Amino acid sequence: MDLSSYTLEVAHEWDQGTLDNGGEMGMELKPNRRSSRAYWAPFVAGGALGLTLLLTFYLTGHGLGASGAYTGATAALLEAVAPGSAQNNSYLSSYITPGRSPLYSWIVFEVLGVMVGGFLGAVTAGRLKRQIERGPSIGRGSRLTLAFAGGLVMGFATRLARGCTSGQALSGGAAMALGSWAFMLAVFAGGFLAAPFVRREWQ
Amino acid sequence: MSGPLEVQGLLSEAWRLALGFVAGLLFGFFLERAGFGSARKLTGVFYLKDFAVPKVMLSAILVAMVGLLALGRASLLDLDLLAAMPTYIWPQLAGGLLLGIGFVVGGYCPGTSAVAAASGKWDALVFMAGLVTGIFGFAELFDRLESFYFSGDLGDVTLADWTGLPPAGVVFLLLLMAGAAFWLIGRIERRPRKDEGDLGEYTGRSDAVLGTGGAQS
């Protein structure tokens with residue numbers, strides 16, 4: 001029997017480990033229509049990202065970013081809700097150009113590209129799926145609460161560090177900036193420190 | 001044509017923004033292909049279960065770093081015109097620590113949450129709302145944080161300046177260290193697993209068992 005066009009579906013998407021025990025639990029063979037493509041090998045994806053970063057440096061003189069776009073969005077949102085409030089804020093005022101929306105900036109266009117690129121990637125790989133990603137032993141409400149809390153801490157952290165994993169770690173790292181490499185080590189330290197406390201969220 | 005184009009005034013505003021969109025498009029697509037639209041894959045490294053994050057990040061940085069040096073040597077890119085990356089060591093260390101905590105609690109970072117939200121993850125959308133709220137909080141507290149924000153100012157110092165090595169020497173050392181890191185990761189990946197119901201590396205395909213390199217035994 002030719003199995004290549006069939007997918008071995010496991011009852012719980014994340015529960016592939018059950019296969020180690022003889023593979024009897026909740027599996028069935030289904031035609032391969034719905035299966036998603038595999039991710040690229042890490043070094044292939046990393047190489048492609050590195051070349052994209054290099055191209056960006058060649059074109060603009062700076063690297064890729066992400067958190068700056070969220071800062072622009074924050075300033076735009078504040079200006080929409082209470083005109084003048086971002087303009088009068090000692091931090092956000094640098095994101096305001098008179099007569100121009102904070103959204104009309106290079107990094108906002110770049111992050112819009114990231115969303116479209118991510119969407120195209122998910123569609124072409126069969127991974128476009130409405131879901132709340134979480135481990136098997138956490139509820140939706142708890143996961144969403146932690147997602148918001150994590151975002152809150154990270155939003156604050158990106159401003160303190162002057163960038164995130166894109167602008168500091170990748171771009172600053174490639175430009176050999178000392179602070180970016182120190183930042184990167186601190187990110188991994190913070191992640192490993194906090195990981196045991198939220199193990200149930202993922203594992 | 002020698003770069004960077006924008007700094008030399010070779011790009012109109014419209015081209016600048018359009019090319020920013022295109023760069024983002026490639027960035028987002030490759031992040032998705034790396035598996036970085038998945039919070040469980042991203043956080044896997046902190047449980048020693050999935051090492052895509054350090055593998056992808058280190059290889060991307062090294063490719064771009066070697067590329068920058070090579071383009072500079074070939075006079076295709078004027079490295080002196082690249083944007084300065086100032087080091088403020090204390091806020092960068094503190095921000096990095098906090099960012100790492102937010103990463104494992106929230107599951108994403110700003111770029112990857114955009115990819116995940118675009119592939120249908122509601123938790124990523126909520127994470128993005130958290131980001132905006134956190135940035136707002138920072139802006140509100142900025143007057144009190146300002147002195148710390150500018151502390152540890154070392155200027156535009158690179159690893160080459162800091163070590164006194166030539167840039168190519170730094171690249172060589174970093175390649176050696178990356179090699180050591182990948183070797184160590186390989187050892188961890190191949191170690192026998194005790195805990196039952198272990199995921200193995202999450203490959204993103206539901207037919208991982210029949211495919212190549214899926215669930216590990």
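1. Let's start with chain B: of its 217 residues, 48% are buried (a residue is buried if 20 or more other C-beta atoms, placed from the backbone, lie within 10 Å of its own). Please keep in mind that this is a predicted model, where local features need pLDDT of at least 70, side-chain atom pairs count only at pLDDT 80 or more, and totals for chains, interfaces and linings use all residues. Residues are numbered from 1 along each chain as its sequence is written, while chains are lettered from A and ligands numbered from 1 in the order in which they are written.

2. Chain B has eight helices and two strands (DSSP runs numbered from the N terminus: helices are H or I with at least four residues, strands are E with at least two). Their order along the sequence is α-α-α-β-α-α-α-β-α-α.

3. Take the contacts in chain B between residues at least 6 apart in sequence: 61% of them join residues at least 24 apart. Two residues are in contact if their C-beta atoms, placed from the backbone, lie within 7 Å.

4. Now to where the chains meet: chain A gives 124 residues to the contact and chain B gives 122 residues. Among the elements of chain A that give two or more residues to this side are strand S1 (6-10), helix H1 (42-60) and helix H4 (140-161).

5. Helix H1(A) deserves a look of its own. In H1(A), 14 of the 19 residues are buried, leaving the helix mostly covered. Just after H1(A) comes Gly61(A), with a positive phi of about 90 degrees.

Conventions. A residue is buried if 20 or more other C-beta atoms lie within 10 Å of its own, exposed if 12 or fewer, and partly exposed in between; C-beta atoms are placed from the backbone.
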